[in-house]
Amino acid sequence: MPPQESDTPPQASTGIDAARCVLVTGATSGIGRALALAIAALPSAPTVVAAGRRAARLAELAQVKGVEPLALALGGDLGPLKEAADALIARFPDLDTLILNAGVQYPTNFQRDTADDILPRVLDELAVNYTSVVALITYLLPHLLKLAATGRACAIVVVTSAVGIVPAPLVPTYCASKAALRSFASSLRVQLAGTGVRVMDIIPPLVESELHDAQGTTAVLSKIWMPLDEFTKSVMEGLQAGNDYIPVGFGAQLFEKFEKGKDEISKQLARNP
Ligand SMILES: NC(=O)c1ccc[n+]([C@@H]2O[C@H](COP(=O)([O-])OP(=O)(O)OC[C@H]3O[C@@H](n4cnc5c(N)ncnc54)[C@H](OP(=O)(O)O)[C@@H]3O)[C@@H](O)[C@H]2O)c1
């Protein structure tokens, strides 16, 4: 009798379904929270370490099955991040996937704002959106490489932005920080090829979240943003497929138009510096 479909062994997944323990930064609201909950609800039931600063939100997340809350502040000195990374590995030795999602955005008007307004925001945006992300990766990478060498699928996922491809002039440093992170992730992917540690880049369009609350622009933006559910569904499909790039909506349009072919040139630059 020919083998029935149900006799076929399931294919080993290289995507998020294979993850056993996933860190999600910025999990106390918006995109990070939605991804943390969606990943915790996967049939594979990985542990999700949901990080953020707001204690009440972390306490709510602690009620969700499979979710472990983690108080983690990004930005500022890097020393505490090294301690946090070491503590994370000690507590969760199965940690195999990083979703580095936390971010901030500040509008800046170079005609109107003063240097005292502008420069602290520049430092914070770069520290939270870029330097802290690179620092966490740097501190956690030796652990991931060791785990990957045992055959475990490991992944580093950054959350960048459509405006990291084409800048939105009202938020200049935000766009620069996301362009920097996108560029960094592309180089890292080439450097880590063959190690078993994948590097993935989620490229959102404007999405329903709290990112714009502090700017007072949520009411206007909510008329045009992508609903969080729709965005999360699309990203989960990309994470499950293990795609290097997960561009969504306007992010996908800009990715198609401006990013295609860059990786091939980057690989050539790796061979011929
Ligand atoms: N929504 C969009 O339209 C959009 C578009 C493109 C890209 N993105 C990116 O998507 C990511 C998630 O943003 P979101 O839209 O979901 O915004 P959000 O709702 O404002 O969430 C931001 C998250 O980052 C955390 N966070 C902020 N500053 C932090 C700090 N200094 N230390 C630690 N955690 C910090 C916040 O948690 P605590 O305050 O509890 O720490 C919160 O959980 C960001 O990287 C953002 O740039 C968003």
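**Figure 1. Helix 1 gives the largest pocket the largest share of its lining**. That share is three residues. The model shown here and in the other views is predicted. Helix 1 covers residues 30-40. Strand 2 (47-52), helix 4 (115-149) and helix 5 (172-191) also give two or more residues to this lining.

**Figure 2. Centre of the largest pocket.** The volume of the largest pocket is about 1,300 Å³. Its lining has 50 residues. Nearest the centre lie Gly103, Val104 and Gln105, together with Ser209 and Leu211.

**Figure 3. Residue classes around the largest pocket.** Nonpolar residues number 28 in this lining. Another 16 lining residues are polar. Six are charged.

**Figure 4. The second largest pocket holds about 290 Å³ of space**. A set of 16 residues lines the second largest pocket. Closest to its centre are Ser186, Tyr245, Glu259, Lys262 and Asp263.

**Figure 5. Helix 5 and helix 9 at the second largest pocket.** Each of these helices gives two or more residues to the lining. Helix 9 spans residues 262-271. Helix 5 provides the largest share, five residues. Helix 5 is also among the elements that give two or more residues to the lining of the largest pocket.

**Figure 6. Residue classes around the second largest pocket.** Six lining residues are polar and six are charged. Four are nonpolar.

Technical notes:
Residues are numbered from 1 along each chain as its sequence is written. This is a predicted model: local features need pLDDT of at least 70, side-chain atom pairs count only at pLDDT 80 or more; totals for chains, interfaces and linings use all residues. Side-chain values use heavy atoms; hydrogens and water are left out. On a 1 Å grid over the protein atoms alone, a cavity is a set of points where a 1.4 Å probe fits but cannot get out, and a pocket is an open set with protein on both sides within 12 Å along at least five of seven lines; lining residues have an atom within 4 Å of a point. Grid points are joined across faces, edges and corners, and a volume is the space filled by probe spheres set on the points. Helices (H or I, at least four residues) and strands (E, at least two) are DSSP runs, numbered from the N terminus. Ala, Val, Leu, Ile, Met, Phe, Trp, Tyr, Cys and Pro count as nonpolar, Asp, Glu, Lys and Arg as charged, and the others, Gly among them, as polar.
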